[in-house]
Amino acid sequence: MPAPSFMQTALDEARAAQARGEVPVGCVIVRDGEIVARAGNRTLADKDPTAHAELLAIRQAAAALGSERLTDCDLYVTLEPCTMCASAMSFARIRRLYFGAADEKGGAVEHGVRFFSAPTCHHRPEVYGGINESDASVLLKDFFRERR
């Protein structure tokens with residue numbers, strides 16, 4: 001049986017966030033083919049609007065690696081990052097960003113402000129969207145449908 005993909009692990013983190021009542025977004029950070037950090041949204045549990053999966057994983061990876069620069073790390077997240085998270089990826093010098101579902105309302109990579117395209121963005125990771133997009137989209141749609 002093949003090992004699960006890194007995006008599959010991010011989806012597992014999103015499911016765990018959903019089980020806690022959080023918006024189902026999950027993230028993993030990978031270095032040299034190994035996961036160094038993983039997180040799901042915790043904004044409600046932590047009562048912290050910055051507790052997005054990406055920021056929690058970036059903090060965890062920086063602590064684990066002993067550096068605020070994650071230059072040789074790749075980030076996998078189930079939803080297109082918002083401006084706050086894209087900015088943190090730029091400051092952390094994330095090498096590659098892989099995301100699942102597009103976010104036309106709050107996304108800031110391929111939608112909205114398109115943060116990495118801004119002339120003031122000092123570091124632009126390689127970006128690959130649509131990874132396991134249908135799985136990530138179903139999680140989000142089911143979550144918000146249940147909350148109506």
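Which strands does helix H5 (residues 133-146) lie across, and at about what angle to E4 does H5 run? Helix H5 lies across E3 and E4 and runs at about 55° to E4. The legends below refer to a predicted model, in which local features need pLDDT of at least 70 and side-chain atom pairs count only at pLDDT 80 or more, while totals for chains, interfaces and linings use all residues. Residues are numbered from 1 along each chain as its sequence is written, and side-chain values use heavy atoms, with hydrogens and water left out.

View 1. Five strands form an open sheet in the order E2-E1-E3-E4-E5, with mixed pairing. Strands (E, at least two residues) and helices (H or I, at least four residues) are DSSP runs, numbered from the N terminus, and two strands pair if DSSP finds at least two bridges between them. The edge strands, each pairing on one side only, are E2 and strand E5 (126-128). On average, neighbouring strands of this sheet are turned by 15° against each other, direction ignored. Axes are lines fitted to C-alpha atoms, for helices over the stretch in contact, and angles run from 0 to 180 degrees between N-to-C directions. E1 and E3 run antiparallel and are joined by 5 bridges; Cys27 stands opposite Val77 in E3. Helix H1 packs on the sheet, touching E1, E2, E3 and E4, and its direction makes about 145° with that of E1.

View 2. Helix H3 (residues 53-65) has 13 residues and reaches 18 Å from its first C-alpha to its last. This is close to the 18 Å expected at 1.5 Å a residue, the expected span being 1.5 Å times one less than the number of residues. The buried residues of H3 include Leu55, Leu56 and Ile58; buried means under 20% relative accessible area, exposed over 50%, and partly exposed in between (1.4 Å probe, protein chains only). The buried residues of H3 pack against strands E1 (26-31), E2 (34-40) and E3 (73-79) and against helix H4 (83-92), contact meaning heavy atoms within 4.5 Å. Gly66, whose phi is positive, near 70°, follows H3.

**View 3. Aromatic pairs.** The whole structure holds 5 aromatic pairs. Rings of Phe, Tyr and Trp (its six-membered ring) pair if their centres lie within 6.5 Å; planes under 30 degrees apart count as stacked, over 60 as edge-to-face and the rest as tilted. The ring centres of Phe6 and Tyr76 are 5.4 Å apart and their planes lie at 50°, so the pair is tilted. This pair links distant parts of the chain, with Phe6 in helix H1 (residues 6-19) and Tyr76 in strand E3, 70 residues apart. Phe6 is partly exposed at a relative accessible area of 24%, whereas Tyr76 is buried at 12%. Phe6, Tyr76, Tyr98 and Tyr128 form one aromatic cluster.

**View 4. Two loop residues with positive phi.** Lys47 is not a glycine, yet has a positive phi of about 50°. Lys47 lies in the loop between helix H2 (43-46) and H3 and is exposed at 73% relative accessibility. Arg93, also not a glycine, has a positive phi of about 65°. Arg93 lies in the loop between H4 and strand E4 (96-101) and is partly exposed, with a relative accessible area of 22%.
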